[in-house]
Amino acid sequence: MATNQTVGGRDPLTTRVDGSRVRSDLQSALLGARNRDGGWGYAPGRHSRIEPTCWAELALGHSQGRPPDVDPIRAWKRQDDWLVDVPGAPPNMAFNALAALTFLQERSTAPLAQPLISRLIQAKGLRYWQSPALGQDNSIQAWPWVDGTASWVEPTAWCLLLLKKVRSQSPRPEAAERIRVGEQFLFDRVCRDGGWNYGNPEVYGQKLWPYVPTTALALLAMQDHRGHPVVIQSLRQLQNDVASERSVVAVALTVVCLRTYGVATAALEQTAIELSAEADPGNLLGTAMMLYALTDTRDHAAFRF
Amino acid sequence: MSGDTARASLSRRDFITTVSFSLLAGACGRRFDPQRFHVPQSSAVGLFPASSYAVDFADLIFRGFQELGTTLTGRRVFLKPNMVEYELDTVINTHPHVVAGAAIACRRAGAAEVVVGEGPGHRRDMEYLLSSTGLHDQLREQRIRFVDLNHDDVAVVPLQSWFTGLQELALPVTLLDSDFVISLPKLKTHHWAGMTCSMKNLFGTVPGAVYGWPKNPLHVHGIANSILDLTATIRPHFAIVDAVIAMEGDGPIMGRPRSLGFVAMGSDPVAVDATCARVIGLDPDKIEYLQPAAEFLGVVDASRIEHRGESPDRYVTRFDVVPALEHLRLSR
C-alpha cells in the first residue's frame, strides 16, 4: 500500500533496534524531503505547510546542535500578520502558535514572533449557548482552530503554551487574562477520568474518551500546575493510554510531555525508536516529531517554560 | 447522474473551478442555480443482503454495480469511507472488509485507479485509526493507496450551492483530481444531523489541517447547510452504504450496534439516503438536509425510487434515537 500517511515500510523487527541509526535515518528522511522553498509538506512532494516545517526545523536544529533555521517560516505567506498555508483559507491559530514558539527558540529571531503573539492574544473562540447535551461551559472563549468558530483543546493548548513561554521570557500584561481563560477552558474540558478529548468531555451524559496526543499537548500547556489533581490524574491517564499506542505522533508527543514532567521515559523511548524504524517514511510530520522527541539535547526547551 | 458525460473529460478540479458564474449567483441570494442541477424522474437504489462481515463484499458490490448498470471503465475512482474514532466493540466506522471489497469491485468494474481517502473529524491521528480499525492491513494486502485527506494538498474551489453562505472551500486535491467519487458511509443515527449516510459522510473530505478538528466552520454555518453545499460541490457519483451492522441511539460515536444485514447502493446519493432513512424509521422529509436536497440534488419521493435487490420492507427496523430527534420519526 502506498499512502501519504501510513505504510508499514521496513522489515519486521527481530532484534533491539539501534537508536542512533534510527535517529540518523529520521534526519536523512527529513533532509531528503525538504522542498525547494525550504519547507516541508505533510508528505514528500507535497506543498510546504507551516506545521511540518516548524517541527522539521525544530527537530533538525536540535539534532544538529544548532538553532532552528527559521528562514522558510520567516518568508511564509502572510495575511494580516498571520502565517497562512493556503491563500483564501483562514489562518490556523494552532500552527501560528507553533511558528511563534519556533521563532522564540533563538534570541535573534524572537522578535519575529511578536506580531503572531499579538494576534493570538486578541483571538478567541465563539461564545456558545449552553447546550443541555454537553456537560461543559460554552461561555469560555479560549482559542479556536480558525476565526469565527468554537474553542477546542488542541489550539488552546498551543496558544497557552506559547503565552506561558512568553510570560517566562518577557511578560506581556495583556496575556495574563488570556492565560487565565485558557486554563479555565482546559480544566472545564478535562475528561471525567483525566486526559483530554479533542473537544467535549461528554455528550448526552456519555463520557468521551481522552486521546493521547491531545492529552500530551494539554499537559505541556499545564506544566506549571503539576500539583493540581486534574493534572496529576491526566498524567496518570496518559501513561496508561500510551502503553497501547502505535502511532509515532502520539508516542513522540508523550515522550516530550513526560520528559517535561520529569517522568522516566527510557522504555517509551525504546518503543518510539522501534516504531520509528517501522514507520511510514511518507509521514513527515510524524518523522519530524519523532526526531525531535528522540534527539532533543536541551530537554525539549521549545515546549518548556 | 446528470452531467457525468460532460464532466468525464475534465478533472473534477477543472470542472468545479471553471464554473465562475457560481459566485455571482451566490451573491444574488439564491441557494442554488437550478440550471446547474438536474433531478432525475426516478432513481434506482439497490439493497443487497449481507448477513455478516464474513461475506465476499467484492463480489456483492460488483454484482451491485452490474445490477445498477454502473460502469467504471478507465475511471479514477475515489472511495470515501467513514472513519471517525476507534473503540473496541463499537460500530463507528465503515467496516474495513466493506472498504476493501468496494475497492476490489471497482477494479473488477474496470477502474483505472482506486484511491481510498478519509479525513476524520475527531481523531487527528490517522496512523492510529488505520492500524486500530484494521483498514491498514486490508488496504496493504490489496495494494490500495490511502490518502489522509486532513493533510493532503488542497485547492480552494467555489461552492456550487450557497446554503452556508460560504462562497468557497479548500478541498483535497486527491478528491478533486478523481473522476468518480464513491461515498462509502456506515449507516448511523446522528445526534445533531439526524442520520449519517452518504451525504453527511462528505464532512470527512474537508481538510482538518485547514479548518481544524472537528471541521467546526461546517457546524457554525449549519450542519444541514454544509451537507447540502458539500454534496452540491463534490457531486458524489455513487454511494455504497455499510448497513450490515448499523448504529442506533446516540450516534455517530456513542450509539449502539444494530444489525440490519444489507449494503445499499445507488448513483443518486439523495435517493440512497432517503431509502436508508425510511428503513431505520426516520422520515426523510423531516431530515433537515434531505428536504432541500430533493429540490436540486436527487430523489427523495419514495414513489420515484426503483428498488433493486431486496425490498426495503424486508429490513425496516425502528431505530432508537436521542430524545431531541424523536420528531424525525416516520408517521405510522
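**Note on the predicted two-chain model**

1. Strand S1 of chain B, spanning residues 43–49, is mostly covered, with six of its seven residues buried. The coordinates discussed here belong to a predicted model, and the points below should be read accordingly.

2. S1(B) has pairing partners in chain B. With strand S12 (residues 305–309) of chain B, S1(B) runs parallel, and five bridges join the two. Within this pairing, Val45(B) stands opposite His307(B) of S12(B).

3. S1(B) also pairs with strand S11 of chain B, residues 256–266; here the sense is antiparallel, again over five bridges. Pro49(B) has Phe262(B) in S11(B) as its bridge partner. As a general point on such elements, side chains in a regular strand alternate between the two faces of the sheet.

4. Which residues have the most contacts inside the largest nonpolar core? They are Leu162(A), Ala252(A) and Met289(A) from chain A, together with Ala102(B), Ile182(B) and Val263(B) from chain B. This core comprises 210 residues. Its largest share, ten residues, is supplied by helix H10 of chain A, residues 248–260.

5. Apart from neighbours within four places in sequence, Ala102(B) is in contact with Phe57(B), Ile61(B), Leu79(B), Ile182(B), Leu184(B) and Ile240(B). One of these, Ile182(B), is itself named among the core residues with the most contacts.

6. The contact between the chains involves 41 residues of chain A and 39 residues of chain B. On the side of chain A that touches chain B, helix H6 (153–169) and H10 each supply at least two residues. H10(A) gives the largest share of that side, namely three residues.

7. As to confidence, the model scores ipTM 0.91 and pTM 0.91. Chain B has an average pLDDT of 92, and 91% of the residues score at least 70. Over residues 1–10 of chain B the pLDDT stays under 50, and the model has nine contacts for them beyond four places in sequence. The pLDDT is likewise below 50 over residues 17–27 of chain B, a stretch with twelve contacts in the model beyond near neighbours in sequence. Where pLDDT is low, the predicted coordinates should not be read in detail.

Note on methods: Residues numbered from 1 in each chain as written. Chains lettered and ligands numbered in written order. Predicted model: local features only at pLDDT ≥ 70, side-chain atom pairs only at ≥ 80, totals over all residues. pLDDT = per-residue confidence, 0-100. Contact = placed C-beta atoms within 7 Å. Core = buried A, V, L, I, M, F, W, Y, C linked by C-beta atoms within 7 Å. Buried ≥ 20, exposed ≤ 12 C-beta atoms within 10 Å, placed from the backbone. Helix = DSSP H or I, 4+ residues; strand = E, 2+ residues; numbered from the N terminus. Pairing = 2+ DSSP bridges.
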